[in-house]
Amino acid sequence: MIAAPMSGAGKTTVAIGLMALLTRKGYRVQPFKCGPDYIDTKFHEAVCHRPSVNLDLFMASREHVRDIYGRYSADADVCVVEGMMGLYDGYRLSEGSPADIAQTLGIPVVLVVDGSHTGFSIAPLLYGFKNFSDKIRIAGVIYNKVASERHATMLYEAAKEVGLECLGCLPRQKDVANGERYLGLDFSRKIDAERVADIIEENVEWERLLEGTGGVGVPPAPRLQGNITIADEKNAMRTGAGRTPTPPATPPATSPAQPEAGGKQKRIMIARNSESFSFLYQEHIDILKSKGEVEFFDPEKDVELPSDTAMLYLPGGYPEKHLAALQKAERCRRSIREYAERGGKIMAECGGMMYLCRSIIDDDGEAEMCGVLPYSITARKADRKLSLGYRRVVIDGKEYRGHEFHYTQFLPPLPPSAATVYDARNNEVASPVIRQGNVLASYTHLYWG
């Protein structure tokens, strides 16, 4: 696991650079991301050429997290798990934190530390992280934003003083880290993964890192599941390794679902493109593929839903950034509205819900959307308000869990809610869940795993 004492230390840069470097060296690298983040996983997939999978202990059980870690890593040589926020930052104290996930999976932690504006005084901080819990193994430290060789020597001595191995010092770089938008990374810009990989190779003892975290060095050796070497397929079967991870899908594409006995596969349509509808968990795609024939489509293209659609899934994204294209695709919007009116099943989350509404208003005016839901959304700068956090959604006596983050809002009054919504600390949240016919829509991204 690549983690850090706090946000902003550079763990995403290090994680992506390490993934890119190891992939370039011929390793099969399976990426993972702690927490509900959709955006870092896109960079992971781009450099590893396989889907990155979210690990979250608020939205899912420990058994599920262990299961998906085993399934997706079954044919990998190396697993790289990118942490979130600080190592011990959880939804309640350290519950659900990267440290909690590392302990659940039994994997070591490499700590990325911002070395700027400090020298030997970093030693007490490292000592604290090393000794805070005997259930977490800190395998080493990588310093980021190091100013000079003299500075690197001071930081190296600080790690040595507290008994931690310094695995590398990354020089200060101004143009490597990607920009930000709303929350997380801006995936509309490309990250120079190859350059970051070069920086990691030049400044990090990556072979030593593999050796110290359970790996086997170079060249690529027998496959690893977690930090257990798997000698052959029979051993893999005995360890309970699951199916081979699904290769990255490129929209538009139709999955080869297995036909049901006595009939045609149900057609499940998923909206997906680079930004407007892009917040998708790989686990959700795999679940839907087990239920029917999955087909991706882009609502910015003027295409109609197939007449035999059995379910429509509209995930989140940034539709407010592409209002002109979405409004122009009138046939697509009309076919979705008519599908809903016929009783079609629709699951819509955040941006997908916004798209189902009557309109979205920004500083340039009002754009007509699908009109399935009789509400309007404001994306005007003056109306921006951050709604962020884990959510418990109780509907019909059943509890579902998910995550909410957005700046857009309903134009008042709020729609009536078909569910009671709580945050991670059991405080009720005014975040409506809309149930209209066979449409279920809300700002919350539910986790189905």
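## Strand pairing and the open sheet

Two strands pair if DSSP finds at least two bridges between them. In this predicted model, strand β10 (residues 267-271) meets that condition with β11: 5 bridges join the two, and they run parallel. Within this pair, Ile 268 has Val 294 of β11 as its bridge partner.

Both strands belong to an open sheet of 6 strands, ordered β11-β10-β12-β13-β22-β21, with mixed pairing. The edges are held by β11 (293-297) and β21 (433-436); each has a single partner strand, so one side of each is left without a neighbour in the sheet. From one strand to the next, the twist averages 15°. In a regular strand the side chains alternate between the two faces of the sheet.

## Overall content

The protein has 13 helices and 23 strands. Of its 449 residues, 57% count as buried. Among contacts between residues at least 6 apart in sequence, 71% join residues at least 24 apart.

## Helices against the sheet

Helix α10 (residues 282-289) is mostly covered, with 6 of its 8 residues buried. The buried positions are Gln 282, Glu 283, His 284, Ile 285, Asp 286 and Leu 288. These residues pack against β10, β11 and β12, and also against helix α3 (62-72) and strand β23 (445-446).

How far apart are the end C-alpha atoms of helix α6 (residues 149-161)? They are 18 Å apart, which agrees with the 18 Å that 13 residues should span at 1.5 Å a residue. The buried residues of α6 are His 151, Ala 152, Leu 155, Ala 158 and Ala 159. Seen down the helix axis, they fall within an arc of 120°, so they line one face of α6. An α-helix has 3.6 residues a turn, so residues three or four places apart point the same way. On the other side of α6, the exposed residues are Glu 149, Arg 150, Lys 160 and Glu 161.

The buried residues of α6 pack against helix α5 (122-131) and against strands β6 (138-146) and β7 (166-171). Strand β6 is itself mostly covered, as 8 of its 9 residues are buried. Strand β5 (residues 109-114) pairs with β6 in the parallel sense over 6 bridges, and Val 113 stands opposite Tyr 143 in β6. After α6 comes Gly 163, with a positive phi near 80°.

His 44 is in helix α2 (residues 40-48). Its relative accessibility is 0%, so His 44 counts as buried; the cut-off for burial is under 20%. Leaving aside neighbours within four places in sequence, His 44 is in contact with Ile 16, Met 19, Pro 31, Phe 32, Lys 33, His 49, Ser 52 and Glu 82.

Met 6 lies in the loop between β1 (2-3) and α1 (11-24). At 49% relative accessibility, Met 6 counts as partly exposed, because the exposed class begins over 50%. Its contacts, again leaving aside neighbours within four places in sequence, are Lys 11, Met 85 and Gly 86. Met 6 and Tyr 88 are 82 residues apart in sequence, with their C-alpha atoms 8.9 Å apart in space.

## Cysteines

A disulfide is a covalent bond between the sulfur atoms of two cysteines. How many disulfides does the model contain? With a cut-off of 2.5 Å between sulfur atoms, the count comes to 0. For Cys 332, the closest cysteine sulfur is in Cys 370, at 6.7 Å, which is too far for a bond.

Cys 332 is buried, with a relative accessible area of 1%. Cys 350 is also buried, with a relative accessible area of 4%.

Definitions and conventions: Residues numbered from 1 in each chain as written. Predicted model: local features only at pLDDT ≥ 70, side-chain atom pairs only at ≥ 80, totals over all residues. Heavy atoms only, no water. Helix = DSSP H or I, 4+ residues; strand = E, 2+ residues; numbered from the N terminus. Buried < 20%, exposed > 50% of the residue type's maximum accessible area, 1.4 Å probe, protein only. Contact = heavy atoms within 4.5 Å. Axes fitted to C-alpha atoms, helices over the stretch in contact; angles between N-to-C directions. Expected span 1.5 Å × (residues − 1). Arc of directions from axis to C-beta.
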